[in-house]
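The following explanation is intended to be read alongside the sequence and the coordinates. Please keep both in view while following the paragraphs.

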Amino acid sequence: MLIEFESVSVSFDAKTALDNINLKLDQKRIGVIGLNGSGKSTFARLLNGLIAPTEGTVTVGDINPATNPKAARQQTGFIFSNPDVQIIMPTVIEDVSFTLRSSKLSKDEIRSKALATLERFGIAHLADQAAHSLSSGQKQLLAISSIMVGEPKLIVADEPTALLDLANARLVSRVLLEQIEQQVVLVTHDLELAAKCDIVLLFAGAKLVEVGEPAPVISSYLAQN
Amino acid sequence: MRALFRPGASPLHRLAVAPKLLILIALVALLSVFGTNPTAVLAALAATTAFYKIAFPADGVSTLAKQIWSLKWLILIIVIPQVIFGAAWLPVATNALRLAIAIALATLFTLTTASEAMQVAIERAVGPLKRFGIKPETVSLTIAMTINAIPMILQFAKQTREAQLARGAKPSITLMTVPLLVASLKYADDFAEALAARGVEV
Amino acid sequence: MSLKLTLRDLSRIAIFAAIIAALTLPGEIPLASGVPISLQTLGVMLAGVVLGGYRGSLAVALYVILGLIGLPILSGHASGFSVLAGPTAGFLIGFIPGALVAGLIAHSAKGQFNVIRVIVGSIAGGIVVVYAFGIPVLAAGLKVDLLTAAGYMTPYLAGDAIKVALTAIIAAALYRAYPKAFKN
Ligand SMILES: Nc1ncnc2c1ncn2[C@@H]1O[C@H](COP(=O)(O)OP(=O)(O)O)[C@@H](O)[C@H]1O
Ligand SMILES: [Mg+2]
């Protein structure tokens, strides 16, 4: 899908979080790096209409998330850092099924579809467990399953491995970068991960300072800080 | 966190939520009308025992006895001041027994009704609120959120206490509650954002 | 004030209902002195004072409903629907308008946090309104007159006064730590 930013700025009260961003992206793996507060999360939230631009226009596919957040959220799955806040329903399978609540499928179809998705991400054995009893890594896999079951076209992940240990971080990032066939926007502080993307965006002080092949963008990030 | 519901297959378990509730309310109302008559209260005790026996054929009587025993403090709190203020023992005892029976009857409703059945009944009961823009799904989602959040908040409480102990602070109500509220309300705000991201609408 | 609830309102209402439940569960929130007081009323006052009258009273109503349908989250020995049949039912129901009044008064200074209003609101809502519902039901349940029933409540008054003070201290600290909590 084509992601397009035309002179996009976002400000909160007096503070500018993003300043005049112009972009066209259609790569499959899009990495986003930058210091804390540089505007990465604001950029990510624009993609599914959680935030609307103060100025300019964002287009994802043929949808403007600011004016049509419902459609934007259907086509875009969002993964947050904190796995706890993403769980809506009491058990693992119910949480995955929740995504399909307004589909026309029967109860049994929803259950088998949810189970198949859990199977795919290796947590089908936890289906009937209380979701909050899972480990952080398992919760993140649950978040991914809950989103993937809705068959989105784009996955946006905002520092999805920030709260995970090394093994779980590797597992989750492998799932996001290698197992998922959809387009992925991955905000991360893990430069090894960024290096695996097709293109990397570097934000600094609310500005998009570099876009391009991972290696040069990452080395200028390292040089600047 | 365990709900009070006790699974079973008795007629009381199978009775739909709304009629069961209405019968209960009627019984409690009857009891309060005739509640000063010792004979009537004893009859009510016999009837309640029978209901418990129907609901739990294996251990109905002991379940009822346990329920009444669990009310001992409440009954003492009620009886002692009245005795001190010089009331006669028969009316006081009748009144205490009447209260215990009313509570035991109401408990029977809870014991024989699954939370899910009650949630469904609530959803149905709030159906007419649709006209005021309140969707039944929103009500049940909010209920589910609360039930999920309770263990979450207890975990915040534990983490807060450990962090304070680690820093040598003596836990107190205020020291405990403030970080707990901050963490919980931040959680609420993040959670709302995650709900929106998953396409939930009010 | 708009009656329309946003997702964030709903989420806060749900969380606050859970907070009241957590505050009420005995032994779950450790107290320094091990005082055997229930923090239920504290939760009710805080709900009104922090979320405002409308959202606060909805949070309390949600808590009460969940307790009545059988979650073991109400204070005292009886739980579930049976509480309504007991003599203390009026207090439980009174919590709902209590949070409403506490919140309306505490939030009456437009956008400003005002500790005096928090205290007045907690007393008016958390004590006066709650007792106004609780005492008549207590009197009817025990078949005594109102004055006698009110007399039974005097020992609890001191505990409730402490909770007003706690509400003010906690709300003031919360306002400094997370002012967003008091806004929409
Ligand atoms: N809801 C908000 N209200 C006010 N300021 C915000 C809000 N969200 C982000 N900001 C500010 O915008 C800037 C960019 O934030 P963000 O996009 O979250 O950065 P990053 O994700 O790169 O750490 C920061 O200075 C942050 O404080
Ligand atoms: Mg961020």
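Predicted model: local features only at pLDDT ≥ 70, side-chain atom pairs only at ≥ 80, totals over all residues.

Residues are numbered from 1 along each chain as its sequence is written, chains are lettered from A and ligands numbered from 1 in the order in which they are written, and side-chain values use heavy atoms, with hydrogens and water left out.

Contact here means heavy atoms within 4.5 Å. Chain A and chain C are not in contact, and their closest C-alpha atoms lie 11 Å apart.

The contact between chains C and B draws on 58 residues of chain C and 62 residues of chain B. The area buried between them is about 5200 Å², and carbon and sulfur atoms give 81% of it; buried area is the accessible area (1.4 Å probe) that two parts lose on being put together, summed over both. There are 2 salt bridges across this interface, a salt bridge being a side-chain nitrogen of Lys or Arg within 4 Å of a carboxyl oxygen of Asp or Glu. R8(C) forms a salt bridge with D189(B), with the closest N and O atoms 3.8 Å apart. On the side of chain C that touches chain B, the elements giving two or more residues are helix 1 (7-24), helix 2, helix 3, helix 5 and helix 6 of chain C. Helix 1 of chain C supplies the largest share of that side, 13 residues. Helices (H or I, at least four residues) and strands (E, at least two) are DSSP runs, numbered from the N terminus.

Chain A and chain B bury about 1700 Å² between them, with 57% of it on carbon and sulfur atoms. On the chain A side, V85(A), I88(A) and H132(A) lose the most area to chain B, together 34% of what that side buries. This contact takes 21 residues from chain A and 16 residues from chain B. The salt bridges between chain A and chain B number 3. The side chains of E193(B) and R45(A) meet in a salt bridge at 2.7 Å, N to O.

Within chain C, helix 4 (residues 89-106) has 18 residues and reaches 26 Å from its first C-alpha to its last, close to the 26 Å expected at 1.5 Å a residue. The helix has a kink of about 35 degrees at F95(C), shortly before the proline P97(C); the bend at a residue is the angle between axes fitted to the seven residues ending there and the seven starting there. The buried residues of helix 4 of chain C pack against helix 2 (40-51), helix 3 (53-68), helix 5 (115-142) and helix 6 (146-177) of chain C. F95(C) is one of these buried residues, and F95(C) is also touched by T41(C), which lies in helix 2 of chain C. At 10% relative accessibility, T41(C) counts as buried, where buried means under 20% relative accessible area, exposed over 50%, and partly exposed in between (1.4 Å probe, protein chains only).

In chain B, 18 of the 23 residues of helix 6 are buried, so this helix is largely enclosed by the rest of the structure. T94(B) lies in helix 6 of chain B and counts as buried at 7% relative accessibility. Leaving aside neighbours within four places in sequence, T94(B) is in contact with G35(B), T36(B), N37(B), P38(B) and V41(B).

Note on methods: Expected span 1.5 Å × (residues − 1).
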